[in-house]
Amino acid sequence: MKALVIGGGGREHALAWKLAEGARVERVFVAPGNGGTAREDNKIANVPITAPEALADFAAAERIDLTVVGPEAPLAAGVVDLFRARGLAVFGPTKAAAQLESSKAFAKAFMQRHGIPTARHATFGDAVAAHAYVEKHGAPIVIKADGLAAGKGVVVAMTAAEAHAAIDDMLGANTLGVAHNADGARVVIEEFMAGEEASFIVVTDGRTVLPLATSQDHKRIGEGDAGPNTGGMGAYSPAPVVTPNVHARAMQEIVRPTLAGMAADGAPFTGFLYAGLMIDAEGRPRTVEFNCRLGDPEAQVILMRLKSDLFEVLLHAAQGTLDRIETAGGLEWDRRTALGVVMASHGYPAKPRTGDVIGGLPAEAPDLKVFHAGSTLKDGALVTSGGRVLCVTALGDNVRLAQARALGAVREIRFDGAQWRADIGHRALKA
């Protein structure tokens with residue numbers, strides 16, 4: 001069997017690596033891939049293709065048995081619709097279903113319509129009205145760009161001045177590089193929700209739902225969760241804050257009503273559904289946002305713990321037969337903790353520098369894997385090519401041991417200006 005992974009980040013490296021472990025898989029293509037996927041064994045190969053039609057042509061010519069779409073941008077552009085129209089097996093949501101991520105305004109209206117717990121909110125395309133709303137409600141308050149922004153289009157404003165600056169940027173200067181939707185630049189302004197965040201991700205074929213292992217991301221650039229938001233500076237799995245009670249409530253109050261609501265609205269959801277949860281002191285989960293793909297760096301720690309054959313799971317999901325995996329006992333997980341530390345380039349997240357030579361990569365081991373995101377091969381050398389460069393991911397019998405294993409490897413890796421956090425997993429260590 002042959003698989004194709006669309007994308008070139010750390011999530012896609014992790015997907016390709018885990019798919020390649022499949023018992024029936026002989027080849028995994030990654031389009032376009034990165035320096036890490038280029039260095040994998042001969043089972044994994046990069047393909048320099050990004051255009052949707054060309055990807056579909058490649059899948060047809062190579063007789064690809066399953067295509068897995070990694071990032072949000074191709075999903076929002078309708079690559080799944082294109083593949084399905086050509087009779088190609090593909091795992092991911094349609095363009096209509098992917099609006100749960102591509103439009104914060106769509107998602108908030110959807111949650112309100114279907115009674116899914118989330119923060120109170122209002123949507124604005126007019127800056128004057130948005131500023132007036134902040135003046136009325138005060139801070140702390142959350143400002144979100146309506147379009148895709150590579151995980152950075154959210155400002156948790158602790159002061160009114162921060163909120164006003166975020167509105168001006170998102171509706172004007174757009175330094176975050178938000179991909180505006182058809183309605184133009186808009187912001188969603190939400191009440192600030194107190195609590196602890198966790199990532200709750202499921203695999204679904206639209207009917208059957210298999211929850212993945214829980215995880216927790218660390219969004220801020222600095223230790224102690226200080227500084228601006230990033231695409232994610234590290235993660236660990238499982239997340240202790242998702243107790244059995246929280247897990248049951250997330251499934252019953254958020255995930256299942258979301259899938260039922262999407263089906264009722266004429267846009268059935270298949271793929272990875274990611275619900276970012278805010279869990280309050282009483283253990284009540286509310287939805288921060290939806291993503292329509294595996295998180296990054298959550299994918300790296302989740303897939304490090306997955307013992308089931310990912311190819312078979314996703315093939316069944318793409319074919320609408322995920323219930324067969326469920327009746328066979330569901331997904332199997334390594335009991336250990338996985339923890340990933342992201343190494344980012346100089347200047348990230350504002351102005352990441354590229355072209356720095358990467359050295360000191362550790363030898364792979366059963367409990368350690370370095371997933372690449374912003375790396376590329378140039379004249380035989382591995383160099384940085386993006387903001388988040390690597391995710392050094394380790395397994396350990398507890399959070400502290402997994403953290404020590406990952407950080408030990410991080411400190412051996414060298415590239416100029418490297419940034420990382422040494423406190424990934426700190427909430428679990430305090431629990």
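Modeller: Helices here are DSSP runs of H or I with at least four residues, strands are DSSP runs of E with at least two, and both are numbered from the N terminus. On that basis Pro140 is placed in the loop between helix H8 (127-137) and strand E7 (141-145). The model is a predicted one.

Colleague: What kind of peptide bond joins Ala139 and Pro140?

Modeller: The bond between Ala139 and Pro140 is cis, with omega at about 0°. A second case is the bond joining Ser237 and Pro238, which is also cis, with omega about 0°. Pro238 lies in the loop between E15 and H10. As a rule, most peptide bonds are trans.

Colleague: Why does Leu259 count as buried?

Modeller: Buried means under 20% relative accessible area. Leu259 has a relative accessibility of 6%, and therefore counts as buried. This residue is found in helix H10.

Colleague: Which residues does Leu259 touch, not counting residues up to four places away in sequence?

Modeller: Leu259 touches Thr204, Val209, Phe269 and Leu273, where contact means heavy atoms within 4.5 Å.

Colleague: What makes a set of residues a nonpolar core, and which residues have the most contacts inside the largest one?

Modeller: The members must be buried Ala, Val, Leu, Ile, Met, Phe, Trp, Tyr or Cys residues joined through side-chain atoms within 4.5 Å. The largest such core has 49 residues, and those with the most contacts inside it are Leu4, Phe83, Leu100, Phe200, Val242 and Phe269. Among the elements that give two or more residues to this core are E1, H3, H5, strand E10 (196-204) and strand E16 (271-279). H10 gives the most, with 7 residues. A second, separate core has 41 residues, including Val30, Leu294, Leu314 and Phe371.

Colleague: Which residues is Val242 in contact with, leaving aside its neighbours within four places in sequence?

Modeller: Val242 is in contact with Ala198, Phe200, Thr214, His247 and Ile279.

Colleague: How do you know that the buried residues of H3 line one face of the helix?

Modeller: The buried residues of helix H3 (residues 52-61) are Leu55, Ala56, Phe58 and Ala59. Seen down the axis of H3, they fall within an arc of 160°, so they line one face of the helix. An α-helix has 3.6 residues a turn, so residues three or four places apart point the same way. The buried residues of H3 pack against strand E1 (2-7), strand E2 (27-32), strand E4 (66-69) and helix H5 (79-85). H3 is followed by Arg63, whose phi is positive, near 55°.

Colleague: Which way do the residues of strand E15 point, and are they buried or exposed?

Modeller: From strand E15 (residues 234-237), Gly234 and Tyr236 point one way and Ala235 and Ser237 the other, and all are buried. In a regular strand the side chains alternate between the two faces of the sheet.

Colleague: How many bridges join E15 to strand E18?

Modeller: There are 4 bridges between E15 and strand E18 (residues 337-344), and these strands run antiparallel. A pair needs at least two bridges. Strand E12 (residues 216-217) is joined to E15 by 2 bridges, again antiparallel. Asp217 stands opposite Ala235 in E15, while Gly234 stands opposite Val341 in E18.

Colleague: Why does Asp379 count as exposed, and why does Asp225 count as partly exposed?

Modeller: Exposed means over 50% relative accessible area, and partly exposed lies between that and the 20% limit for buried. Asp379 has 79% relative accessibility and therefore counts as exposed; Asp225 has 23% and therefore counts as partly exposed. Asp379 lies in the loop between strand E20 (375-378) and strand E21 (381-384), and Asp225 is found in the loop between strand E13 (220-222) and strand E14 (226-229). Phi is positive in Asp225, at about 60°, and also in Asp379, near 55°. Most residues other than glycine have a negative phi.

How values were computed
Residues are numbered from 1 along each chain as its sequence is written. This is a predicted model: local features need pLDDT of at least 70, side-chain atom pairs count only at pLDDT 80 or more; totals for chains, interfaces and linings use all residues. Side-chain values use heavy atoms; hydrogens and water are left out. Buried means under 20% relative accessible area, exposed over 50%, partly exposed in between (1.4 Å probe, protein chains only). The arc is that of the directions from the helix axis to the C-beta atoms.
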